[in-house]
Amino acid sequence: MPEKLRLLIRAGNPLIAIPTIDEARALELVKETARGIPRPAFCWSMSAGLAALVPDAPQEPLVKPGNAIKALQHLREKSQSRTIYVFKDLGPHCKDALVHRTLRDLIAQFHDSKSTMILIDALPLPDEIERFTVRFELGWPGADELEEVVKKTYRKIRKESYEEVTSRLTRRDIEQLVQSLRGLTCAQAERVIASAVLDDFALTGDDIPQIVEAKRTLLGSQGCLESIAADFSSDDIGGLENLKEWLRRRRKGFSREAREFGLEPPRGLLMLGIPGCGKSLCAKVVAADWGMPLLRLDPGVLYQKFIGETESQLRQALRQAEAMAPCVMWIDEIEKAFASASAASADGGLSKRMFGTLLSWMQDHRHPIFIIATANDISALPPELMRKGRFDEVFFVDLPRADVRADVLGIHLRRHHRDPDGYDLRGLASAAEGFSGSELEQAVISAMFNAFSEGEELSDGHLYQAIRETLPLSVLNAEKVAELRHWAANRCVPADHVED
């Protein structure tokens, strides 16, 4: 990375912009670059004024703290040739007409003197200034940087702590831990690691879920991408054995061993199915089992009323997913956002543009992001979405078989502190023919309310009654379910074993 910045400076670019919140890392990069050329470097901020950046020793500021115009005028009068000047958060000052004009004059002056001004801003620069800059993407810390942060933080705590601090990490644990820290600045990663170590004065593989949760909380949610807590396991899903086996085989697909073996990380899967059969739950289970943050993209919030804002929302969501990688990105009910892209629509081509943006990103991105898209009606979606390369596989989630229904009933009874062995699960499963997983859950809840209101313990009688009183979707919308099954018969892989 220093080589790229060094090339921009040597090429004579008078104004370079580094948009980043990781100011400390950007300054270190500038220092390293200045030493390597070598060139003198100075730094200005409103609170510290203009002072030498290299050498690192504190010196009396050349310009006292205050408005940017004093520092810019000083450079116009006394700037040296072949010098680097770093300005922090200059963007808001550029709205002043005098600052803007002086900066424009300096651009021409620096072009002749081969000096460079580097703007480090956390907020976007005004358009009238940004058009004169060369943008330098700092990017996020790489694996080597993050691994060094982990080691330094551990050594620092071990040196300063009164308690004995230990570490039991295998090479794979370290790799997974570093992957979990991607998308954080070095300072953020240091705080997350420090919290994990100080919690029990040890750093082990068991801390990885805590680190993933801390990262999820730290980054929070933004725009139409929501961070979801993944607190489920594969035992919380009945059936879906084919899907579980497929996911199990790809669990280590993001590891260094997989790359050395010649494999690329898995890209994702598309799940079509009858509503209430566990598609959404699968996304949470995958994130929990693989130790990754879960981000949910809600297509309903993508569309905005102003021209261009909808596409901006999607690009912003994809950038956030890249920042949080490795992660699982769950696109819920994808047909809501892109169904009209396959036919003529009255939205002026907005759906097609959105669809094209998503397809291009899915094809070209190289970030460790596993996409899980769910749909209840995939027939209206464009065929390009389902071809190999976009998703690794397309699964169909059907209504559960009798033995799976018994398992699902047992899962929900255990969640409500009941022993499944005390109930006629096989008989109840037979009575609940055509029920989805969510309908079985609601039958258990309804039966518990009935038992509670009668002052009795939950019995088979309450469960049978709740099942008889429930009219499942497979009956209410039998034609649609049959049509969905027919469409998926030769187009999708069954998520569960098929009954003979």
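## Surface and overall make-up

The protein chain exposes about 24900 Å², and carbon and sulfur atoms supply 51% of that area, where accessible areas come from the Shrake-Rupley method with a 1.4 Å probe and, for residues, only the protein chains shown count as cover. The model is a predicted one, in which local features need pLDDT of at least 70 and side-chain atom pairs count only at pLDDT 80 or more, while totals for chains, interfaces and linings use all residues. Residues are numbered from 1 along each chain as its sequence is written, and side-chain values use heavy atoms, with hydrogens and water left out.

Of the 500 residues of the protein chain, 48% count as buried (buried means under 20% relative accessible area, exposed over 50%, and partly exposed in between, with a 1.4 Å probe and protein chains only). The chain has 21 helices and 15 strands, which are DSSP runs numbered from the N terminus (helices are H or I with at least four residues, strands are E with at least two). Among contacts between residues at least 6 apart in sequence, 79% join residues at least 24 apart, where contact means heavy atoms within 4.5 Å.

A nonpolar surface patch of about 310 Å² is made by Leu-471, Val-475 and Leu-476, and Val-475 lies in helix 20, residues 473-476. Patches are made of residues with over 30% relative accessible area and no salt bridge, with like charges joined within 9 Å and nonpolar side chains (Val, Leu, Ile, Met, Phe, Trp, Tyr) within 5 Å; a salt bridge is a side-chain nitrogen of Lys or Arg within 4 Å of a carboxyl oxygen of Asp or Glu.

Six strands form an open sheet in the order 3-2-4-5-1-6, with mixed pairing; two strands are said to pair if DSSP finds at least two bridges between them. The edges are strand 3 (49-54) and strand 6 (134-135), each of which pairs on one side only. Strand 2 (residues 41-45) runs parallel to strand 4 (residues 84-88) and is joined to it by four bridges, with Ala-41 standing opposite Ile-84 in strand 4.

Strand 5 (residues 116-121) has six of its six residues buried, so it is largely enclosed by the rest of the structure. In a regular strand the side chains alternate between the two faces of the sheet. In strand 5, Thr-116, Ile-118 and Ile-120 point one way, whereas Met-117, Leu-119 and Asp-121 point the other way, and all are buried. Five bridges join strand 5 to strand 1 (residues 15-19) in a parallel pairing, where Pro-19 stands opposite Asp-121. Strand 4 also runs parallel to strand 5, joined by five bridges, and Phe-87 stands opposite Leu-119 there.

## Backbone exceptions

Most residues other than glycine have a negative phi, and most peptide bonds are trans. Asp-89, in the loop between strand 4 and helix 4 (97-113), has a positive phi near 55°, and the residue is partly exposed, with a relative accessible area of 38%. Lys-114, in the loop between helix 4 and strand 5, has a positive phi of about 60° although it is not a glycine, and at 36% relative accessibility Lys-114 counts as partly exposed.

The peptide bond from Ile-37 to Pro-38 is cis, with omega near -15°. Pro-38 lies in the loop between helix 2 (23-36) and strand 2.

## Helix 10 and its cover

The buried residues of helix 10 (residues 241-249) are Leu-243, Trp-246 and Leu-247. Seen down the axis of helix 10, these buried residues fall within an arc of 95°, so they line one face of the helix; the arc is that of the directions from the helix axis to the C-beta atoms. On the other side of helix 10, Arg-248 and Arg-249 are exposed. The cover over the buried residues includes strand 10 (268-273), helix 12 (279-290), strand 13 (369-375) and strand 14 (393-397).

## Two buried residues and their contacts

Ile-274, found in the loop between strand 10 and helix 12, is buried, with a relative accessible area of 2%. Leaving aside neighbours within four places in sequence, the contacts of Ile-274 include Lys-279, Val-397, Leu-473 and Arg-485. Ile-274 and Ser-474 are 200 residues apart in sequence and 8.7 Å apart in space, C-alpha to C-alpha.

His-412 lies in helix 16 (residues 402-415) and, at 7% relative accessibility, counts as buried. Beyond its neighbours within four places in sequence, His-412 is in contact with Gly-437, Glu-441 and Val-444.
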